[in-house]
Amino acid sequence: MASQTQGIQQLLAAEKRAAEKVSEARKRKAKRLKQAKEEAQDEIEKYRKERERQFREFEAKHMGSREDVAARIEQDTLVRIDEMNKQVVTHKEPVIQEILALVYDIKPEIHKNYRQ
């Protein structure tokens, strides 16, 4: 009977050691996964920064800086507004005269849908 109890105790101890080894293995695996995730995040961040730097270089090379683009857009806008104002001044009087002529020249007619 004592050998049977001793065998059970050995089995329980072996089971406990096995559970501890499994637990340690899971902890190591979780640690490796966490480390791999952090390394991947670092690599992604480095790649993103590199692509942003390349894009800024491309943008500066082909379009100029943002300030230059904004200044060009502002200048184009001012030129177009000036052209529109000149067109208004040029065509203002004839348009007013045409509108007044249409208002003053009333020709009473019976509507085509009117039935007698």
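How many salt bridges does the count come to? With a salt bridge taken as a side-chain nitrogen of Lys or Arg within 4 Å of a carboxyl oxygen of Asp or Glu, the count comes to six. The model is predicted, so local features need pLDDT of at least 70 and side-chain atom pairs count only at pLDDT 80 or more, while totals for chains, interfaces and linings use all residues. Residues are numbered from 1 along each chain as its sequence is written, and side-chain values use heavy atoms, with hydrogens and water left out.

Helices are DSSP runs (H or I, at least four residues), numbered from the N terminus.

Glu 50 pairs with Arg 53 in a salt bridge whose closest N and O atoms are 2.3 Å apart. Both residues belong to helix H1 and are three residues apart, about one turn of the helix. Glu 50 is partly exposed, at 32% relative accessible area, and Arg 53 is also partly exposed, at 33%. A salt bridge also links the side chains of Arg 56 and Glu 52, at 4.0 Å from N to O. Arg 56 and Glu 52 are separated by about one helical turn because they are four residues apart in helix H1. The relative accessible area is 48% for Arg 56, which is partly exposed, and 35% for Glu 52, which is likewise partly exposed.

In helix H2, Lys 86 and Asp 82 are four residues apart, about one turn of the helix. The closest N and O atoms of their salt bridge are 3.6 Å apart. Lys 86 counts as exposed at 52% relative accessibility, whereas Asp 82 is partly exposed at 39%.

A surface patch of positive charge is formed by Arg 26, Arg 28, Lys 29 and Arg 32. Patches consist of residues with over 30% relative accessible area and no salt bridge, like charges being joined within 9 Å and nonpolar side chains (Val, Leu, Ile, Met, Phe, Trp, Tyr) within 5 Å. Arg 26 is located in helix H1, which spans residues 2-63, and is exposed at 62% relative accessible area.

Val 69 is part of helix H2, residues 66-104, and is partly exposed at 24% relative accessibility.

Key:
Areas by Shrake-Rupley, 256 points an atom, 1.4 Å probe, with all protein chains shown as cover. Lys, Arg positive; Asp, Glu negative; His and termini not counted. Charge placed at Lys NZ, Arg CZ, Asp CG, Glu CD. Helix = DSSP H or I, 4+ residues; strand = E, 2+ residues; numbered from the N terminus. Buried < 20%, exposed > 50% of the residue type's maximum accessible area, 1.4 Å probe, protein only.
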